[in-house]
Amino acid sequence: MNEEYKKYIYISTQTRPIVEEICKEKNVNLIIRFINQYNLGSFMQTELRNLNYTDYLILDIKSIIKLTDEEEIIRRLTLIRRMYNLRIIIIAEGYKSGNVLLGKLFNLGIYNIITANDDIKFKEELEKCLTMEGMTFGNSIKYKIDNQILTVNQTTKLVKENYIKVKQIVNIGIVGVEKHIGTTTLAINLTRYLSELPNIKACYIENNNNNSIINIATDNKAIHIKEKDKITYMNIDMFLKPKNMSDILANNYNFYIYDYGSLNELSKEEQLSFLTRDLKLIVSGNKLWEITNLINCFQIIGEDINSHLVFNFVSEQERESFKNNLGQFWKERCTFSEIITNPFIIGNKNFYETILKPYLLNTNIIEKKKTFNWFKRKKE
């Protein structure tokens with residue numbers, strides 16, 4: 001870090017003159033202070049979207065602990081450490097050695113932790129954090145906790161939530177082998193999933209003549225901008241069939257999800273448009289007439305390695321034998337959808353994670369799912 005001129009962002013529940021005075025003495029300049037209580041996940045998506053050119057992030061645990069669970073705190077701080085070249089300084093006044101959260105922060109490699117209650121000791125610890133070296137492994141080893149304590153009461157279920165984009169723009173086409181097979185539900189659900197990822201912008205485009213999503217505009221929670229044919233609802237942007245794609249592209253989304261409706265209603269030109277998408281999802285069922293339409297779909301698409309099958313309404317008993325009859329190529333590219341009654345409630349997470357791997361970089365994989373809270377935060 002440049003020793004002559006540094007910058008910091010400060011997050012706390014109250015203005016702390018001692019912090020700002022010491023930083024000023026050390027020629028560390030305040031960019032902005034945030035004084036409130038926050039959910040760290042939501043806060044990162046709004047106020048902390050860009051931490052470039054920041055040398056220090058000073059975070060008072062009091063400002064996030066009530067609205068953010070500990071696992072979320074660790075996930076978000078892991079993401080910040082991987083995305084930005086800055087030093088995280090944690091203020092955890094009154095926290096003691098043996099505290100589980102401090103143990104997790106230490107294991108994460110965050111050693112600049114201030115726990116002092118009195119001003120003199122607090123000043124000493126903050127000054128140490130602001131030196132070129134900062135607090136070291138040796139300074140913070142007292143917070144280390146045995147890994148058995150950190151993993152007790154947890155399952156081995158993988159939770160993968162933090163992503164950054166690999167490809168700047170990704171176009172996803174979704175088509176059904178026939179009408180009313182669940183194409184729009186899947187398209188909206190996938191858009192919802194992407195929109196919940198930090199640092200990712202996604203939108204749904206009604207690329208068919210069904211005019212279904214206009215009904216969403218009647219909900220009093222929806223924002224309908226008629227001149228842009230845009231509806232924002234449940235944190236996702238949706239567009240009616242576009243008259244001019246340049247208006248949508250101007251929003252600089254990372255993912256554009258095109259709902260093509262039914263394949264057998266598409267013109268040759270529209271079929272070609274679907275085939276040009278980076279990722280193609282085909283929605284079908286396993287009834288005899290649906291299989292006939294699916295075979296017709298295969299003839300149009302061929303063995304496209306960027307295509308995946310999503311089957312709706314297939315019973316558990318039929319799935320394995322049906323999958324085996326698809327042939328090796330499509331067997332490896334098919335999934336059986338969860339029952340999704342509300343497209344705005346995310347389902348099929350494992351499937352989405354799998355198909356999006358070429359386009360997203362997973363920056364955090366952890367073991368999670370506590371069953372009991374045997375260890376309470378030690379705090380005086």
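Strand β9 (residues 202–206) is mostly covered, with five of its five residues buried. Buried means under 20% relative accessible area, exposed over 50%, and partly exposed in between (1.4 Å probe, protein chains only). Strands (E, at least two residues) and helices (H or I, at least four) are DSSP runs, numbered from the N terminus.

This is a predicted model, in which local features need pLDDT of at least 70 and side-chain atom pairs count only at pLDDT 80 or more, while totals for chains, interfaces and linings use all residues. Residues are numbered from 1 along each chain as its sequence is written, and side-chain values use heavy atoms, with hydrogens and water left out.

Both faces of β9 are covered: Ala202, Tyr204 and Glu206 lie on one side, Cys203 and Ile205 on the other. Two strands pair if DSSP finds at least two bridges between them.

| β13 (residues 255–262) | parallel | five | Ile205 and Tyr258 |

Helix α8 (residues 183–195) has 13 residues and reaches 18 Å from its first C-alpha to its last, close to the expected 18 Å. The expected span of a helix is 1.5 Å times one less than its number of residues. Because 11 of its 13 residues are buried, α8 is largely enclosed by the rest of the structure. Among the buried residues are Leu186, Asn189, Arg192 and Tyr193.

Arg75 belongs to helix α3 (residues 70–83). Arg75 is buried, with a relative accessible area of 3%. Its side chain makes a polar contact with the side chain of Glu72 (2.5 Å). A polar contact is a pair of N or O atoms within 3.5 Å; within protein, one must be able to donate a hydrogen and the other to accept it, and residues adjacent in sequence count only if both atoms are side-chain atoms.
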